[in-house]
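Open the model in your viewer and keep the selection panel at hand. The stops below say what to select and what is there.

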Amino acid sequence: MKILLSSLVVVAASVGIVRIMPSPERSAHAFDACIGVSNDPDASQMRILSANKDRLVAEETQGNNCVPDVFDSNCAPPYHYHIIQDETFEILEGAARMILNGKEFVVKAGEPAITVPHGDKHTFVKSGGENMRVRVTMFPNPENSERLFPNLFGTIRDGPNPVQIIYIMCNNGVRLADMPGFVHEALCVILNVMAPLAGYHVEYPEYQYKGEYTWTEESVTQQEESQQEESEQEDQEL
């Protein structure tokens, strides 16, 4: 009986919290060439380069108006982890300060890429005065992260609304590292039931990504096999 009553109290409280949180006012425009965490083009911008069911490749730039070396800043993503996706970070310009499972370090352009396995907690922000440009690869990509980023960034720049942000994370395999796992999962279960009733969505047409990028239904393996076959045919013709 105590467990039942406790469960009812948690559900009732969750319903109340979701109900009193207003749905975010969304921008009328779609994202064009880049996705921005803010309306400031000199802050953080992300451009999707290619995507398929195996992986997503994107480039993020943190510009002059990003606060360097500060994780609780306008450009650093929250300390988080991915449930099934691995992620690599290759610094193309400047330097990045990263936290990986509690260890802090700096990665510079030209150094080997950093691979973050799924489940590992991480975040990053530009380091030093120069702009930072990083190529991010996420794999596999069954959640279609090319739709995650516009909706998540759009919610942040038009809000931010904590309920909406966590609801989007819950449905895209992303979890906040500073929240105990069982609490986050319980919250996801509750939000998946209650958030739609309060007018929340995982995806919004207003946040469509309108930039050009390559999408193919072929997996990376299939593409590599096709390229190998074409190369062999060319060798035979020669």
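**A charge over a ring**

Start by selecting R55 and F139. The charged end of R55 sits over the F139 ring, 5.6 Å from the ring's centre. Bear in mind throughout that this is a predicted model.

The peptide bond that runs from F139 to P140 is cis. Its omega is near -10°.

**The whole chain**

Zoom out and switch to cartoon. The protein chain carries five helices and 12 strands. Colour by accessibility next. Of the 238 residues in the protein chain, 42% are buried. Now consider contacts between residues at least 6 apart in sequence. In this set, 72% join residues at least 24 apart.

**Helix α2 against α3**

How do the axes of α2 and α3 cross? They cross at roughly 170° and come within 9 Å. An angle over 145 degrees counts as roughly antiparallel, so α2 is roughly antiparallel to α3.

From α2, select L148, N151, L152, T155 and I156. They meet Q164, I165 and I168 of α3. By type, the residues in this contact of α2 with α3 are five nonpolar, three polar and no charged.

Centre on I165, which is part of helix α3. Is I165 buried or exposed? I165 has a relative accessible area of 15%. The cut-off for buried is under 20%, so I165 counts as buried. Set aside the neighbours within four places in sequence, and I165 is in contact with L152, T155, I156 and P160. Draw a distance from I165 to L152. Their C-alpha atoms are 6.4 Å apart, and the two residues are 13 residues apart in sequence.

**Helix α3 against α4**

On α3, pick V163, I166, Y167 and C170. On α4, pick H184, L187, C188, L191 and N192. The contact of α3 with α4 is made up of seven nonpolar residues, two polar and no charged.

Next, go to G199, in the loop between α4 and β12 (214-215). G199 is partly exposed, at 33% relative accessible area. G199 and Q164 are 35 residues apart along the chain, yet 9.9 Å separates their C-alpha atoms.

**An aromatic pair**

How many aromatic pairs does the count give? The count comes to one. The ring centres of F89 and F124 are 5.1 Å apart, and the ring planes stand at 55°, so the pair is tilted.

Trace where each partner sits. F89 belongs to strand β5 (residues 86-93), and F124 to strand β9 (residues 122-126). The pair links distant parts of the chain, 35 residues apart. Both F89 and F124 are buried.

**The loop from β3 to β4**

Select D72, in the loop between β3 (56-62) and β4 (80-82). Is D72 buried or exposed? D72 is exposed, at 75% relative accessible area. Draw a C-alpha distance from D72 to V125. The distance is 9.3 Å, across a sequence separation of 53 residues.

Move to D69, which also lies in the loop between β3 and β4. Check its backbone. D69 is not a glycine, yet its phi is positive, at about 60°. D69 counts as partly exposed, with 29% relative accessibility.

**Last stop: N101**

Finish in the loop between β6 (95-100) and β7 (103-108), where N101 is placed. What is the phi of N101? It is near 55°, a positive value in a residue other than glycine. N101 is partly exposed, with a relative accessible area of 42%.

Technical notes. Residues are numbered from 1 along each chain as its sequence is written. This is a predicted model: local features need pLDDT of at least 70, side-chain atom pairs count only at pLDDT 80 or more; totals for chains, interfaces and linings use all residues. Side-chain values use heavy atoms; hydrogens and water are left out. Contact means heavy atoms within 4.5 Å. Helices (H or I, at least four residues) and strands (E, at least two) are DSSP runs, numbered from the N terminus. Ala, Val, Leu, Ile, Met, Phe, Trp, Tyr, Cys and Pro count as nonpolar, Asp, Glu, Lys and Arg as charged, and the others, Gly among them, as polar. Rings of Phe, Tyr and Trp (its six-membered ring) pair if their centres lie within 6.5 Å; planes under 30 degrees apart count as stacked, over 60 as edge-to-face and the rest as tilted. Buried means under 20% relative accessible area, exposed over 50%, partly exposed in between (1.4 Å probe, protein chains only). A charge sits over a ring if NZ of Lys or CZ of Arg is within 6 Å of the ring centre and within 35 degrees of the ring normal. Axes are lines fitted to C-alpha atoms, for helices over the stretch in contact, and angles run from 0 to 180 degrees between N-to-C directions. Angles under 35 degrees count as roughly parallel, over 145 as roughly antiparallel, 65 to 115 as roughly perpendicular and the rest as oblique.
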